[in-house]
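Student: I would like to learn how to read salt bridges in a model. Please start with the general idea.

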Amino acid sequence: MAATTLQAEVLDRLKAALAQALTETAEEILRVERADAVIPMDTGRLQNEQTCVDSAHARDGTVQIVTDAPQAARLYFHPDYHFRHDKNANARGEWWEPWITGSRRNEPAALFAAFARKHTKEIL
């Protein structure tokens, strides 16, 4: 039988690297979403100030893109609104759906894999 030795320091470095990769994945998704100009914009606060990556639990494998704005749910869940397109040409409701169930649903995994390779190459 082969003996296996767990090296706590290496595992801690690996966990930190994967947490960083997960955070960078969420940040890249948010960057792309902003560049695609799909989040409804009036003053820009919803997109640029009130939406951010919460990586407080990244070491546990969870990051979130959160929006701290009272109007966010109303705008998101009512794609039937007539959104302004003068500031964000592609503004719409349900702007995260392509990442969840649509054409971009496989991109988060690919992004994470790329960032994980980048951050773990010296550990593994």
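Tutor: A salt bridge is a side-chain nitrogen of Lys or Arg within 4 Å of a carboxyl oxygen of Asp or Glu. Side chains of opposite charge can pair when their charged atoms come close. This is a predicted model, in which local features need pLDDT of at least 70, side-chain atom pairs count only at pLDDT 80 or more, and totals for chains, interfaces and linings use all residues. Residues are numbered from 1 along each chain as its sequence is written, and side-chain values use heavy atoms, with hydrogens and water left out.

Student: How many salt bridges does the structure hold?

Tutor: There are seven. One of them joins E28 to R31, with the closest N and O atoms 2.8 Å apart.

Student: Where do E28 and R31 sit relative to each other?

Tutor: Both are in helix 1 (residues 8-35), and because they are three residues apart, about one helical turn separates them. Helices here are DSSP runs of H or I with at least four residues, numbered from the N terminus.

Student: Which residues are linked in a network of salt bridges?

Tutor: D36, R104 and E107. Within this group, R104 and E107 meet at 3.1 Å, N to O. R104 is partly exposed at 21%, and E107 is partly exposed at 31%.

Terms used: Helix = DSSP H or I, 4+ residues; strand = E, 2+ residues; numbered from the N terminus. Buried < 20%, exposed > 50% of the residue type's maximum accessible area, 1.4 Å probe, protein only.
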